[in-house]
Each structure stands twice: as C-alpha cells, then as structure tokens.
Amino acid sequence: MNVKDVYEKIGGDYEEVYSRFRGDERVKKFALKFLNDKSFDLLCESLESGNYEEAFRASHTIKGICSNLAFTRLYQSSCELTELLREGQHDNLDGYVDKVRKDYMLTVEGIRELAG
C-alpha cells in the first residue's frame with residue numbers, strides 16, 4: 001500500500017502532509033515514528049487512574065502529532081477530547097475516548113500496512 005492510499009484509509013490529508021514534507025519517503029519516515037509514540041498508552045493509563053492533568057497532556061500531544069502528520073480523523077477526535085479535558089469536564093468522557101481509540105487503531109493499522 002502506498003502513502004496516498006494509507007492516508008485515504010485513515011482519513012488523513014495526503015496533499016497537506018505531502019506539501020509539508022515534500023515527498024512520500026519523508027512522510028513515510030515520520031508516519032512510522034508515530035508507532036513508537038507512547039502518548040496513547042499514557043492517555044489510557046491516565047484516564048483509568050483518574051489523572052486528568054496527565055490525560056490532558058497526552059491527548060494534547062496526540063493532537064499535535066496528528067496535526068503535523070495530517071492524520072485528520074484522529075486529530076479531530078483527539079482535539080474534542082483535549083478540549084473537554086482542558087475545560088475540566090471529566091464526566092461522560094467514554095464516548096469521546098472510544099472515538100479516539102477507534103481512530104487511533106485505524107491510524108496504527110494503516111501505518112503498519114505502510115511499513116509492509
């Protein structure tokens with residue numbers, strides 16, 4: 001699967017990321033680094049333990065990485081969660097967390113296909 005196909009599958013903006021990195025090999029290089037980022041694990045652990053300040057930081061990090069890599073779908077869901085956590089709205093986060101989890105898994109699956 002090529003980079004453009006992966007971006008289509010994960011709901012990313014290929015044109016944006018291509019213009020930023022100026023080539024598929026660079027896009028691929030940085031997308032693959034996403035697989036090593038531990039922010040999603042930290043988000044889940046922090047929410048489970050009730051550490052909402054750390055959950056906010058993890059969600060904000062995911063949002064930033066997704067913005068830079070034009071992972072649009074995951075960016076949007078992590079942005080919603082980040083804003084709720086920023087505002088201290090800790091009740092009824094389950095639906096938002098589920099959406100981030102679903103989008104994260106889709107993104108990771110696509111990147112793994114890119115890795116071959």
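Here, buried means under 20% relative accessible area. Keep that cut-off at hand for the exercises below, which all work on a predicted model.

**Exercise 1. Decide whether Phe34 is buried or exposed, and find its place in the nonpolar core.**

Step 1. The relative accessible area of Phe34 is 4%. Buried requires a value under 20%, so Phe34 is buried.

Step 2. Now turn to the core. The largest nonpolar core has 32 residues, and Phe34 is among the four that touch the most other members, together with Tyr7, Leu43 and Phe71.

Step 3. Next, see which helices build this core. At least two residues come from each of α1 (3-10), α2 (14-21), α3 (24-34), α4 (39-49), α5 (52-69), α6 (72-86) and α7 (94-115).

Step 4. Neighbours within four places in sequence aside, Tyr7 is in contact with Gly12, Asp13, Tyr14, Val17, Val27, Leu69, Ala70 and Phe71.

**Exercise 2. Work out which parts of the chain are tied together by the aromatic pairs of Tyr104 with Phe34 and Phe40.**

Step 1. Start with the count: the structure holds seven aromatic pairs. One of them joins Phe34 and Tyr104, with 5.8 Å centre to centre and 50° between the planes, a tilted arrangement.

Step 2. Locate the partners. Phe34 belongs to helix α3 and Tyr104 to helix α7, so this pair ties together parts 70 residues apart in sequence.

Step 3. Move on to the pair of Phe40 and Tyr104. This one is stacked, at 3.9 Å centre to centre and 10° between the planes. Because Phe40 lies in helix α4 and Tyr104 in helix α7, the pair links parts that are 64 residues apart in sequence. Phe40 is buried too, at 5% relative accessible area.

**Exercise 3. Find the side chain with which the side chain of Ser77 makes a polar contact.**

Step 1. With a relative accessible area of 3%, Ser77 is buried.

Step 2. List its contacts. Leaving out neighbours within four places in sequence, Ser77 is in contact with Lys99, Val100 and Asp103.

Step 3. Pick out the polar partner. The side chain of Ser77 makes a polar contact with that of Asp103, at 2.8 Å.

Methods: Residues are numbered from 1 along each chain as its sequence is written. This is a predicted model: local features need pLDDT of at least 70, side-chain atom pairs count only at pLDDT 80 or more; totals for chains, interfaces and linings use all residues. Side-chain values use heavy atoms; hydrogens and water are left out. A nonpolar core is a set of buried Ala, Val, Leu, Ile, Met, Phe, Trp, Tyr and Cys residues joined through side-chain atoms within 4.5 Å. Buried means under 20% relative accessible area, exposed over 50%, partly exposed in between (1.4 Å probe, protein chains only). Helices (H or I, at least four residues) and strands (E, at least two) are DSSP runs, numbered from the N terminus. Contact means heavy atoms within 4.5 Å. A polar contact is a pair of N or O atoms within 3.5 Å; within protein, one must be able to donate a hydrogen and the other to accept it, and residues adjacent in sequence count only if both atoms are side-chain atoms. Rings of Phe, Tyr and Trp (its six-membered ring) pair if their centres lie within 6.5 Å; planes under 30 degrees apart count as stacked, over 60 as edge-to-face and the rest as tilted.
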